[in-house]
Amino acid sequence: MEASNYFIPPTASASSGSTHRSARAAQVPLVQFQAVSKRYGQLPAVEALTLDIYQGEFFALLGPSGCGKTTLLRLLAGFERPTAGRILLDRQDLGDTPPHRRPVNMMFQSYALFPHLTVERNVAFGLKQEGMPKNDIARRVAELLALVRLERYAGRKPDQLSGGERQRVALARSLAKRPRVLLLDEPMAALDKKLRQDTQFELMELQAKLGTTFLIVTHDQDEAMTVANRIAVMEHGRIAQVGPPVEIYERPNSRYVADFIGEVNIIEGRVVSTTLERALIVSDSGGHLTTTPGVNLAPGAVTWVALRPEKLRITADPPRQAPENLFVGTVGEIGYLGNMSVYKVRLDSGQVWKAAVANTTRHADRPIVIGERVWVSFDCDATIVLTR
Amino acid sequence: MTLANRDDVDVMRGETAGRPLAGRSLGARVIVLVPYLWLAAFFLVPFLIVVKISLSQITMTQPPYAPLFDAAAGWEGFKAFLAALSLNNYEILAADTLYLEAYLKSLEVAAISTAMLLVLGYPTAYGIARAPRRLQAALVMLVILPFWTSFLIRVYAWINILQHDGLLNQVIVALHLADHPLTWLSTDTAVFIGIVYSYFPFMVLPLYSTLERMDTALFEAAADLGCPPWKTFWVVTLPLSRPGIVAGVLLCFIPIVGEFVIPDLLGGSSTVMIGQTLWTEFFANRDWPTASAVAIVLLALLVVPIVIYQHQQLRELERGR
């Protein structure tokens with residue numbers, strides 16, 4: 001388990017996400033997938049998928065391998081043709097437009113740099129196809145190499161570069177023609193973790209600077225949460241949920257999304273009594289949870305309560321002020337991650353919950369140890385009530 | 001971060017390019033020595049013997065050349081042996097235009113047929129490499145299959161096809177392409193047909209292995225950057241298949257220059273290649289010294305393309321690392 005699984009997107013990106021949305025209402029989407037399906041033989045890769053992407057967005061397609069996210073990207077690039085549905089760019093149906101006539105560029109997962117050309121000529125490749133005058137090409141290439149800080153490597157061949165340098169050449173090459181949309185297919189999959197994190201922030205800066213619409217495909221939820229201002233979580237060729245990172249994390253619409261993004265405790269139960277503000281749910285193992293459903297629930301209906309580990313409090317003594325939800329259990333395992341510790345608590349009802357506690361001080365007065373009886377409490381608005 | 005990576009790359013380079021044997025254990029050196037000993041015993045020594053014969057004079061003895069090295073005569077004998085060697089045979093080669101013509105004819109036939117092989121072989125290899133993966137093995141097998149029968153039998157089969165009342169003429173007459181049978185056998189055309197047929201796999205296989213390994217993402221990248229498919233072939237596919245082209249061309253060109261059987265069986269008196277001249281000197285004239293000189297000059301001619309080929313193979317090996 002990685003500590004960064006608990007990375008909470010800054011509220012800034014959340015608010016910018018929502019202001020974008022309200023301003024966007026009147027705007028025409030830059031890319032429109034309209035009921036797009038793609039089947040390979042009988043095998044469906046994308047199913048009746050509808051999605052709008054707006055000018056200037058950093059949009060992430062997130063999902064496990066085989067969910068159709070790369071197919072969607074390739075459909076937009078033109079390497080694949082949809083079996084059904086339409087793809088619009090700037091209100092124009094891309095239809096049968098071949099890849100070499102589409103105003104989008106792709107950065108490939110393997111980078112696909114031309115091994116027989118120097119860095120300079122790789123970056124110039126697309127400009128040369130446009131028939132740009134030589135002087136303009138030289139100027140533009142110099143500009144791009146400066147942008148990715150590779151001026152010194154202009155004369156090298158791809159096999160004389162490190163992985164990170166190749167990645168930046170690929171990025172410069174795909175930006176050279178000023179695409180309407182930059183498609184990034186798992187752009188950081190081949191980088192090591194530290195370099196990947198640095199690159200993520202560089203990519204965000206770059207996107208903000210250029211204002212180009214970026215569409216990234218990734219299976220790495222941290223990456224999607226970090227770079228994107230909107231995420232589409234995909235499952236079996238369909239979209240499970242679309243929204244800004246904070247919405248996906250704090251208000252997932254299904255167990256699939258809640259479970260895919262970050263760590264979560266999911267408790268199955270039945271509704272006992274409900275209003276819109278408060279619902280009492282009895283879990284299968286007998287415990288009662290007070291929740292804020294936010295949706296209409298029918299008494300007796302099967303629901304699931306999702307609880308993020310970092311929203312649980314654990315204390316060795318009963319809390320002074322009785323919280324709305326209070327459980328007693330025994331600490332089973334402790335995972336020490338440095339910045340936080342993860343406790344696996346076996347409740348008296350038999351359920352095992354994960355609780356994450358930030359290590360805000362270097363030496364706790366009295367650390368909680370394995371086998372200790374603890375109180376687990378949480379506020380009712382920490383709960384996420386899911387109906388599917 | 002990036003700088004550190006750079007250094008890593010440089011360190012790796014230094015290691016592969018730098019010290020070839022330094023720091024290796026004795027065992028490793030002995031193992032490296034084995035192929036050198038093998039080459040010395042079975043290539044270098046016979047080669048030196050041929051060089052020596054080429055510097056000797058023809059005699060009516062067994063073996064048919066002089067002088068022979070007499071170890072019993074000691075140092076004086078060795079000096080006499082050296083004094084008897086001469087470049088006489090090479091002067092004969094230079095003086096008689098027969099040899100020069102045969103060399104030029106060989107190079108010409110090799111160059112033309114290699115060009116034809118490339119023109120026919122490239123599309124074949126490209127087609128196989130782009131075929132569905134499950135069909136590729138079968139298609140490669142079709143190219144190799146003729147090799148499972150004797151080379152001589154296949155050349156004789158061509159005599160049968162090309163002769164006056166052979167299969168080719170029967171088809172031509174039946175289709176009314178010509179009203180009388182044409183002469184194929186004992187012409188340059190027959191030699192080219194035979195050579196192109198026989199060397200086809202040597203052209204197709206290296207081309208196929210290069211084309212098949214090519215990352216298809218490169219073609220997509222070219223298309224993505226605005227390059228139409230026909231142009232992608234010229235600016236990406238063809239330059240990247242250069243190693244395969246070089247390998248195929250040299251793998252065909254080098255042995256074709258010395259080809260003997262095909263021109264001898266299918267060609268006429270106008271197609272006298274150096275291989276045939278060599279054969280005549282050795283077996284008909286029993287002039288071993290002149291024949292050896294012919295062989296040495298042929299080798300010298302082929303050293304240039306062989307060195308190019310070796311250089312290319314080495315680069316491929318390093319790239320693959």
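1. Confidence in chain A. The mean pLDDT of chain A is 82, and 91% of its residues reach 70 or more. The stretch to treat with care is residues 1-22 of chain A, where the pLDDT is below 50, although this stretch still has 32 contacts in the model beyond near neighbours in sequence. Where pLDDT is low, the predicted coordinates should not be read in detail.

2. Overall build of chain A. In secondary structure, chain A comes to 9 helices and 20 strands, and its C-alpha trace spans about 75 × 50 × 40 Å along the principal axes. Of the 388 residues in chain A, 40% count as buried. When contacts in chain A between residues at least 6 apart in sequence are considered, 66% of them join residues at least 24 apart.

3. Backbone at A:Ala35. This residue, found in strand β1 (residues 31-40) of chain A, has a positive phi of about 45° although it is not a glycine. A:Ala35 counts as exposed because it has 12 C-beta neighbours inside 10 Å, and a residue with 12 or fewer falls in that class.

4. Backbone at A:Ala48. A positive phi, near 40°, also occurs at A:Ala48, again a residue other than glycine, and its place is in strand β2 (residues 43-53) of chain A. With 14 C-beta neighbours inside 10 Å, A:Ala48 counts as partly exposed.

5. A helix pair in chain B. Helix α5 (residues 97-130) and helix α9 (residues 188-213), both of chain B, have axes that come within 7 Å and cross at roughly 45°, which means that α5(B) is oblique to α9(B). The crossing of α5(B) and α9(B) is right-handed. Sorted by class, the residues in the contact of α5(B) with α9(B) are 22 nonpolar, 3 polar and 1 charged.

6. Contact between the chains. On the two sides, 20 residues of chain B are in contact with 23 residues of chain A. On the side of chain B that touches chain A, the elements giving two or more residues are α1 (2-17), α10 (216-224) and α11 (229-240) of chain B, and the largest share, 6 residues, comes from α10(B). The residues on this side of chain B divide into 12 nonpolar, 3 polar and 5 charged.

Terms used
Residues are numbered from 1 along each chain as its sequence is written. Chains are lettered from A and ligands numbered from 1 in the order in which they are written. This is a predicted model: local features need pLDDT of at least 70, side-chain atom pairs count only at pLDDT 80 or more; totals for chains, interfaces and linings use all residues. Axes are lines fitted to C-alpha atoms, for helices over the stretch in contact, and angles run from 0 to 180 degrees between N-to-C directions. Helices (H or I, at least four residues) and strands (E, at least two) are DSSP runs, numbered from the N terminus. Angles under 35 degrees count as roughly parallel, over 145 as roughly antiparallel, 65 to 115 as roughly perpendicular and the rest as oblique. A crossing is left-handed if the near helix is turned anticlockwise from the far one by less than a right angle, and right-handed if clockwise. Ala, Val, Leu, Ile, Met, Phe, Trp, Tyr, Cys and Pro count as nonpolar, Asp, Glu, Lys and Arg as charged, and the others, Gly among them, as polar. Two residues are in contact if their C-beta atoms, placed from the backbone, lie within 7 Å. pLDDT is the predictor's confidence in each residue, from 0 to 100. A residue is buried if 20 or more other C-beta atoms lie within 10 Å of its own, exposed if 12 or fewer, and partly exposed in between; C-beta atoms are placed from the backbone.
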